[in-house]
Amino acid sequence: MADRIAEEKIDQIRQTVDIVEIISDYVQLKKQGRNYFGLCPFHGESTPSFSVSPDKQIFHCFGCGAGGNVFSFLMELEGISFQEAAIKLAAKGNIELDINLAAARGESKVSKDLQTMLDAHELLAKFYHHLLVNTKEGQHALEYLLGRGFTRESIDKFQIGYSLNSWDFVTKFLSKRDFQPEWMERAGLIIKRERDGTYFDRFRDRIMFPIFDRNGNPIAFSGRSLGPDEPKYLNSPETAIFNKSKILYNYHHAKPSLKKTQQAVLFEGFADVISADRSGVENGIATMGTSLTDDHIVLLRQSIQSVTICYDSDNPGIEAAYRAGNHLNDSGFQIKIAMMPDGMDPDEYIKKYGPEKFRKEVIGAGLTWMAFKFLYFRRGKNLQLEGDRLAYIEEIIKEISKLTNAVERDHYLRQLAAEFSLSLDALREQQKQIFFQEKRKSAGKNQINHKPLVIKRPVNELKPAYYTAERRLLAHMLKDRDVAYKVQELLQDNTFNIDEHQAIITYLLAFYENHLEPDSSAFLTYIQDDNLRRLVATIEMMSINDELSNQELTDYIKQVLNYQKLLKIKEKELELKEAEKQSDFSKAAVIAIEINQLRKSL
């Protein structure tokens, strides 16, 4: 097998796969004019600034500056090498490559060790599952699960297993298969004894629930005790392959349903996901014992637009739902809250009332985000007391003031007026006062704290004339090979003033030596520097005239060269002052003539 992909194969991949189709698997895109737009998968945002050009086969985010072609998109989003991205894309385009994934991952020690961790988890997941469903040792665990309402189909789907009641079975099992104990400890599968340096199994006599990454690879475990042993659930520690803040349980199974329904049901834990799945809720996911993170948001944004939060209805569950809802709402998702009655969890509810009632009367009857806040702020207050009642009304009006939809504001103000027999006009007046108070507070914070004033789109900042001229020249050079050579000729021995711009020219002229026609996507593959690649994507997305007139070209070149002359003038002015200081008047006179000549040339 070759360890390098032939250039013609890379060209074939680039010409065969469509960047819009590939990115649509990760980002919801909508066509606007010639390009497609969506929410950027590389940073949190609620307004789409991520653009994909089908003509140029490139992408660019006007918010965070990310940009590139279909190869760099996969590389950045999934953290993989160029060769791994090429293999994935070749598979999409039914193109055969003379390279395998192992070779693409490289031969570095780190990659080998991480792959060893993944291999060990995959082997153990299969072994634990075999012990549960096929052996006498796992019979009692299987009966326990079946007694709790688990089906064989569900056990197989989630690869649920059983760990033997042994201190060192897994340690020996892995050692016999050449898995080094030091790395298995780092993988969280075994533990090292401090007193003598020997190893023992982390999980013993527990029902084993594998935790999978987004691609369906087992990367950790959660073991449930069968008896009174504590803790009830014992989880793998975070490792090089398992980061709780990045993992959504069941994402790999749920992805087709997420795409189809454009909706996820977010549960508190994986046990709820499995219970809900048995009742026909196939788009269920859960965080792994952590609050919803920005990484989770980015992952969800690839598939869905709305989220139904179904947490326990006890106080911690309601608080967690409120935090998750705020994060999702700020990120632009539509939110509903499915309320569990009587302090039940999904498993208890399904057992008592059945799957259909759970789907229709819990998941299907979720509250709107604002309706949930009506209940959230009511907690702990006695609304028979005037003070509590007024405090509650003010909190709710504050929340109503945040709504951007006028019809929604009117609806909830009327609801508040009806419940407490208040004047609708008075509530509207109060809502307007609170709205403008919050607006003034926000404006005051912006004056004190400069962070919110940071402009996120540096390409829109007011730049000097030479900077804009260089950018526009580059945009035309990327579009037209003849223009590139003409600019080089007009510059003669001079260079662009911005180092990154000059670096792009150097790459571009070398690229044109072997390519007769401009090709945005091919050029981005040709560039080796990630920062330059993003910059080229930014310039490619600039709006320019179809043709570069001679006058426009002359003006741009003049701006580039004039800046260099201005720098030279400043340099000469300093020399002039120094000559005058030294009373060297003849030298000062020569320098003054040079300054005048430079100024005339401007």
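Biologist: Is the crossing of helix 14 and helix 17 left-handed or right-handed?

Modeller: Helices are DSSP runs of H or I with at least four residues, numbered from the N terminus. A crossing is left-handed if the near helix is turned anticlockwise from the far one by less than a right angle, and right-handed if clockwise. For helix 14 and helix 17 the crossing is left-handed.

Biologist: Which residues of helix 17 make the contact?

Modeller: Contact means heavy atoms within 4.5 Å. Helix 14 contributes Ile318, Glu319, Ala321, Tyr322, Gly325, Asn326 and Asn329. From helix 17 come Trp369, Phe372, Lys373 and Tyr376.

Biologist: At what angle do the axes of helix 14 and helix 17 cross?

Modeller: This is a predicted model, in which local features need pLDDT of at least 70 and side-chain atom pairs count only at pLDDT 80 or more, while totals for chains, interfaces and linings use all residues. Residues are numbered from 1 along each chain as its sequence is written, and side-chain values use heavy atoms, with hydrogens and water left out. Axes are lines fitted to C-alpha atoms, for helices over the stretch in contact, and angles run from 0 to 180 degrees between N-to-C directions. The axes of helix 14 (residues 315-330) and helix 17 (residues 369-376) come within 11 Å, and they cross at roughly 145°.

Biologist: How are the rings of phenylalanine 127 and phenylalanine 169 arranged?

Modeller: Rings of Phe, Tyr and Trp (its six-membered ring) pair if their centres lie within 6.5 Å; planes under 30 degrees apart count as stacked, over 60 as edge-to-face and the rest as tilted. Here the centres are 5.6 Å apart with 5° between the planes, so the pair is stacked.

Biologist: How many residues apart in sequence are the parts that this pair ties together?

Modeller: Phenylalanine 127 lies in helix 6 (residues 109-134) and phenylalanine 169 in helix 9 (residues 169-176). The parts tied together are therefore 42 residues apart.

Biologist: Is phenylalanine 127 buried or exposed?

Modeller: Buried means under 20% relative accessible area, exposed over 50%, and partly exposed in between (1.4 Å probe, protein chains only). Phenylalanine 169, at 34%, counts as partly exposed. Phenylalanine 127 has 16%, so this residue is buried.

Terms used
Helices (H or I, at least four residues) and strands (E, at least two) are DSSP runs, numbered from the N terminus.
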